[in-house]
Amino acid sequence: KDLFNRGRLARAFNKFEDCVRFFTMTINDFPKSRYAMPALYNRGLCHESLDDPNSAIESFERYTQLTQDPVDRLDGFFRLLHNLVDAERNTRALLLAERLLGERLTALDQAEIIIKKAVVLGRLAQKEKSKALLLKAARMAKKTTDGLVHGNAVLAEAEYEIGLLYLREMSQVRLVLPLARMKVALGQKLAAFRKSQRHLLNAVTGQVKEPSTRAGEALGNLYAKLYGDLLAAERPADLSP
């Protein structure tokens, strides 16, 4: 109990290396105690905070194999999926996402899984499928919470990922001559810019620590990228720098 509480205290004070150490001692020295399973789960969370998804995956895999409680196991699978996506283990993440979507989940939990699936599909160049799933997840997150925006972590995550998708779409549009072609491309670029801006601002408005902060950073990148692309537009040979 003392070791477990030291691990919890270390985590509360963001001392994540100590957190991992105390929870590992609890697991190894007292494997049959009632503190071993929660220590395993909490160690995974500490690895997450250390941006070490591969180590977190090991903890959550073991947790899901050993826990006897169905609710705890499902919670472990959610954390496992989160870290599989972070570690870019795309095939395993897709398989687990499909498995979880076959469970009896709340609409909000389904939306969370759909976001993870969409992120992986986006990496695998299935952008239209990814976009459709993210928009679906955002609708579900709104509907099931009666339109709640502030503090809606699932909605903020969906809006952030949609914003990133349109940011990448904007970046891929090149401004090249002739002028007629450039006018069309500029229209496409600005349309993607506005969509990205809207969704990223929605994520910021949610005021959910992680996705809202990342959305704010992405907004800065969005403005900088548009400005850079405009300056880098192809110019006629007789136009000086």
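1. Let me start with N42, which lies in helix α3. Please keep in mind throughout that this is a predicted model. N42 has a relative accessible area of 13% and is buried, because the cut-off for that class is under 20%. The side chain of N42 reaches the backbone oxygen of P38, at 2.7 Å. Setting aside neighbours within four places in sequence, the residues in contact with N42 are F4, R11, C19 and F23.

2. Helix α2 spans residues 16–29, and its axis comes within 9 Å of the α3 axis, crossing at roughly 155 degrees. The two helices are therefore roughly antiparallel to each other, and α2 passes α3 in a left-handed crossing.

3. By class, the contact of α2 with α3 has nine nonpolar residues, five polar ones and one charged.

4. Helix α3 (residues 36–49) also packs against helix α4 (residues 53–66), at an angle of about 155 degrees and with the axes 8 Å apart. That angle makes α3 roughly antiparallel to α4, and the crossing of α3 past α4 is left-handed. On the α3 side the contact is made by M37, L40, Y41, R43, G44, L45, H47 and E48, while α4 contributes S55, A56, S59, F60, R62, Y63 and L66. The contact of α3 with α4 divides into eight nonpolar, four polar and three charged residues.

5. Now some backbone geometry worth a look. Which form does the peptide bond from L177 to P178 take, cis or trans? The bond is cis, with omega near 10 degrees. P178 sits in the loop between α9 (153–171) and α10 (179–205).

6. A125 is a residue other than glycine with a positive phi, near 70 degrees. Its place is the loop between α7 (107–123) and α8 (127–144). A125 counts as exposed, at 60% relative accessibility.

7. Q207 is not a glycine either, yet its phi is positive, at about 50 degrees. Q207 belongs to the loop between α10 and α11 (209–231). With 58% relative accessibility, Q207 counts as exposed.

Definitions and conventions: Residues numbered from 1 in each chain as written. Predicted model: local features only at pLDDT ≥ 70, side-chain atom pairs only at ≥ 80, totals over all residues. Heavy atoms only, no water. Axes fitted to C-alpha atoms, helices over the stretch in contact; angles between N-to-C directions. Helix = DSSP H or I, 4+ residues; strand = E, 2+ residues; numbered from the N terminus. Parallel < 35°, antiparallel > 145°, perpendicular 65-115°, else oblique. Left-handed = near helix turned anticlockwise from the far one by under 90°. Contact = heavy atoms within 4.5 Å. Nonpolar A, V, L, I, M, F, W, Y, C, P; charged D, E, K, R; others polar. Buried < 20%, exposed > 50% of the residue type's maximum accessible area, 1.4 Å probe, protein only. Polar contact = N/O pair within 3.5 Å; in protein donor to acceptor, adjacent residues only side chain to side chain.
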